[in-house]
Amino acid sequence: MKENDIRPKALLQRYIKMSAEDAERHFADNLRIDLPCVACGGIESVHAFDKHGFGYCRCNICGTLYQNPRPSQALFEAFYRNSESSSYWAKVFFPAVAEARREKIFRPRVERLSAMCEESKIRVDRLIDVGAGYGLMLEEWREKFPGAKLVAIEPSADLAEKCRLKGFEVVENIVEQVKRYDDFSDLVVCFEVLEHVYEPLSFLQTLHRLTRPGGMVVVSTLCIDGFDLQTLWEKSNQISPPHHINFLSVDGIHRLFSRAGLQDIKVTTPGLLDVDIVRNASLQNPDILNNQRFLKYLIEDDHRAKIFQRFLSVNQLSSHAWVSAISPD
Ligand SMILES: [Zn+2]
């Protein structure tokens with residue numbers, strides 16, 4: 001898989017530009033709140049850089065990078081309800097790549113998930129997808145396991161409707177406000193949402209609450225320890241406020257999930273794109289790898305790049321992480 005398959009360059013550039021404009025337009029209010037580390041709760045964070053008017057801090061205890069000081073939660077909620085970049089993502093960007101993503105992301109995602117459930121001996125009769133979007137993951141799951149009860153939690157009215165039309169039970173709300181599903185699910189999954197969440201701890205506690213004792217939570221997110229984020233740092237397109245505000249480290253992930261009362265926490269980084277992302281960024285801006293002769297040599301050749309990416313993936317060194325954890329009995 002290549003970055004361009006799932007994030008075509010022209011659409012991505014447009015989206016980045018809109019995000020930067022939204023950041024200025026929706027967050028002109030100067031009120032900022034100083035937060036402890038969103039992963040470990042520590043208060044020893046230092047300013048790392050500013051981007052589009054948003055500060056980012058790095059936690060000295062767990063290494064997590066997070067947007068701080070932070071505008072109010074109300075501003076973020078208003079932003080997601082009616083910003084141009086969010087609507088562009090949902091109405092233009094995602095539909096343009098949906099089928100490519102189905103094949104390259106969602107189908108392998110279901111394969112990986114089902115293998116994890118098998119390994120942990122979790123029988124999935126009930127599954128909740130938090131931030132279900134267009135319902136692609138649930139569709140792929142249903143195709144493979146037609147008998148399971150599948151629930152989509154999706155706060156966006158447009159996307160919730162898409163899931164409803166596909167025949168899924170839908171809760172149209174943010175997950176923290178979902179009632180009547182406590183201890184409901186054998187498996188609760190949440191892909192690519194944690195990096196957007198205002199309060200990761202209460203979010204994880206909610207995922208835990210929806211999971212039956214002995215059931216499993218699986219989350220994917222961006223990991224700051226990974227190659228592309230470490231190499232590109234503030235120049236990374238992934239660091240795009242106001243959308244992405246939490247970049248947990250592997251240590252931070254363990255601490256956060258354990259604070260949320262989950263056990264048997266496992267982190268893997270099955271990412272496939274780090275090298276391609278760095279290569280694309282340096283093609284666009286050669287200064288990024290200025291004087292990094294060895295790194296350039298390593299990634300400019302397809303064969304070496306492929307082997308290096310595999311090395312990153314199996315050693316918790318990719319920026320795309322998966323976390324699984326068990327709700328204690
Ligand atoms: Zn921390």
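Ground rules. I am reading a predicted model, in which local features need pLDDT of at least 70 and side-chain atom pairs count only at pLDDT 80 or more, while totals for chains, interfaces and linings use all residues. Residues are numbered from 1 along each chain as its sequence is written, and side-chain values use heavy atoms, with hydrogens and water left out.

Entry on β4. I took helices (H or I, at least four residues) and strands (E, at least two) as DSSP runs, numbered from the N terminus. Strand β4 spans residues 126-130, and I found four of its five residues buried, where buried means under 20% relative accessible area with a 1.4 Å probe and protein chains only.

Entry on its partners. I counted two strands as paired if DSSP finds at least two bridges between them. β4 runs parallel to strand β5 (residues 149-153), joined to it by five bridges, and Leu127 has Leu150 in β5 as its bridge partner. β4 also pairs in the parallel sense with strand β7 (residues 185-191), over three bridges, and there Ile128 has Val188 as its bridge partner.

Entry on the open sheet. I noted four strands in the order β1-β2-β3-β9, with antiparallel pairing. β1 (45-51) and β9 (246-247) stand at the edges with a single partner strand each, so one side of each is left without a neighbour in the sheet. Strand β2 (residues 54-59) and strand β3 (residues 65-67) share three bridges in the antiparallel sense, and Arg58 stands opposite Leu65 in β3.

Note on methods
Buried means under 20% relative accessible area, exposed over 50%, partly exposed in between (1.4 Å probe, protein chains only).
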